[in-house]
Amino acid sequence: AIGSITLDKPVMEVVVTPQQTINLIDLLSSSTEATAQSGAKEAVAELPIAIGKLVFNAGTMAFADFSILPNFKARIENLNGRILGISTRPDAVADIDLTGFVINKYSPVIIKGKTSIFDFERQTDVQMAFRNIELPLFNPYSGRFAGYAIAKGKLTTELHYRIDDRQLVADHHVRIDQLTWGEATDSKDKVPIPVRLGTALLKDKDGVIDLNVPVTGSIDDPKFRIGPIVWQIIKNLIVKAVSAPFSFLGSLFAGAEDAQFVDFEPGSAQLPEGALKSLPLLAAALVDKPELNLDIPAGVLADVDGMALARQKLEAAAAATIKAGKEPKPFADWEPKQQLAALENVYKQQFGAKPDIPKTEAAPETEDASRKEKRAARKSAESQWLETQLLPKFQPTTAELAALGQARGEAVQDALLKGGTLDPARVFLTPDAALKDNEGKVRMELTMK
């Protein structure tokens, strides 16, 4: 039994070899002072072992990873503190209290807790805190796995590991501040996801990514390794964010997810009621994500919108044949007789002659229909024939279609910027974009970048 050991400027080095094995290389001390406070005359290197106090004075703990290129190296300097109650007794639990720093005194490290030194799998409860670590230190890892070097940023992490009879419960609180990506690398191991977009989504309005990553499992499981599990959880979070960014924002700001799609009536630039509600919510969510920009595809669906615009122009021409002073109702609400008369007038204007409507275009008569109903059905059928002949004359020009697309884009843009909180420089109109058909509506899909 030894009462106290003081290690002056000890150096401990942990190395990950190119073969990805871990070696504890050395434990060196410029001077070791052993005091047998318990009354023993000398320390004997045989079991059982009992050390009342192990004191670290200005020590260094170095870590090197040679399994990655370029190699990663880091050091905890000025390691001070003590470990109390080191013993090989089955029920012994040592008390740990160590401090140091990484890089310089402004990036402190704290390690505190309890563990069974010679049987840590039985009982461990240790907390570690690493604060204000410069992120470019991790460029060997970010360059390989993220595909980018880190230009700027700081890391603070608080770790809590509890082991009870080989069952692990681990909590990882990770805070990444002002992460800024630098140049891309040509790494073959980089994850196939848009890392920049993912980190922009995860950042809050102050540029901070704050993550809590719990991990549980049995250390007897040969597939259970903390590092890969933590990385997989973080990667899954990024994948979830970038694969459905509007849903991700909606989880933070309810209603914002509904703004991803805007469904217009064919030929119209009027925003639907749902978009009038969801677009301001999206704008509010984007305010808290300053690195995100938004693309608005200002376009049309040529065949659907083209036909709708042609019909609008035809109905306007039909309305123009009504006597001055009368304010006609929408064309669809006219009586069949009125519709037919107006379309016949437009036909004369366009073709210079009265229409010769085929009798076969009349609606078939039914036995139970009244004479009035039959007449109305026949006139409706004749109007449909006239529309078929006239619509090609009213097809919109390329400029008219472009104007509709622009009007749609500006309608969405206005709804986003109306509150005055979202920077207009972050909202981009993409002219002449192709939209999609969605159950008879023309769907615009907004995208983040």
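Lys337 is exposed, with 62% relative accessible area (exposed is over 50%, buried under 20%, partly exposed in between, using a 1.4 Å probe and protein chains only). This is a predicted model: local features need pLDDT of at least 70, side-chain atom pairs count only at pLDDT 80 or more, and totals for chains, interfaces and linings use all residues. Residues are numbered from 1 along each chain as its sequence is written, and side-chain values use heavy atoms, leaving out hydrogens and water.

Lys337 sits in helix α7 (residues 336-351). Helices here are DSSP runs of H or I with at least four residues, strands runs of E with at least two, numbered from the N terminus. Patch members have over 30% relative accessible area and no salt bridge, and like charges are joined within 9 Å. Helix α8 (residues 371-390) gives the largest share of the positive patch, four residues.

Negative charge gathers too. Asp204, Asp206, Asp210 and Asp288 form a surface patch. Asp288 lies in the loop between α5 (273-287) and β14 (294-300). It counts as partly exposed because its relative accessibility is 32%.

Now to covered parts. In helix α2 (residues 195-202), seven of eight residues are buried, among them Val195, Leu197 and Gly198. Thr115, in strand β8 (residues 108-115), counts as buried because its relative accessibility is 6%. Beyond neighbours within four places in sequence, Thr115 contacts Val93, Ala94, Ile96, Phe120, Gln123, Thr124 and Val126 (contact means heavy atoms within 4.5 Å).

Terms used:
Patches are made of residues with over 30% relative accessible area and no salt bridge: like charges are joined within 9 Å, nonpolar side chains (Val, Leu, Ile, Met, Phe, Trp, Tyr) within 5 Å. Accessible areas come from the Shrake-Rupley method with a 1.4 Å probe; for residues, only the protein chains shown count as cover. A salt bridge is a side-chain nitrogen of Lys or Arg within 4 Å of a carboxyl oxygen of Asp or Glu. Lys and Arg count as positive and Asp and Glu as negative; His and the chain ends are not counted. The place of a charge is taken as NZ of Lys, CZ of Arg, CG of Asp or CD of Glu.
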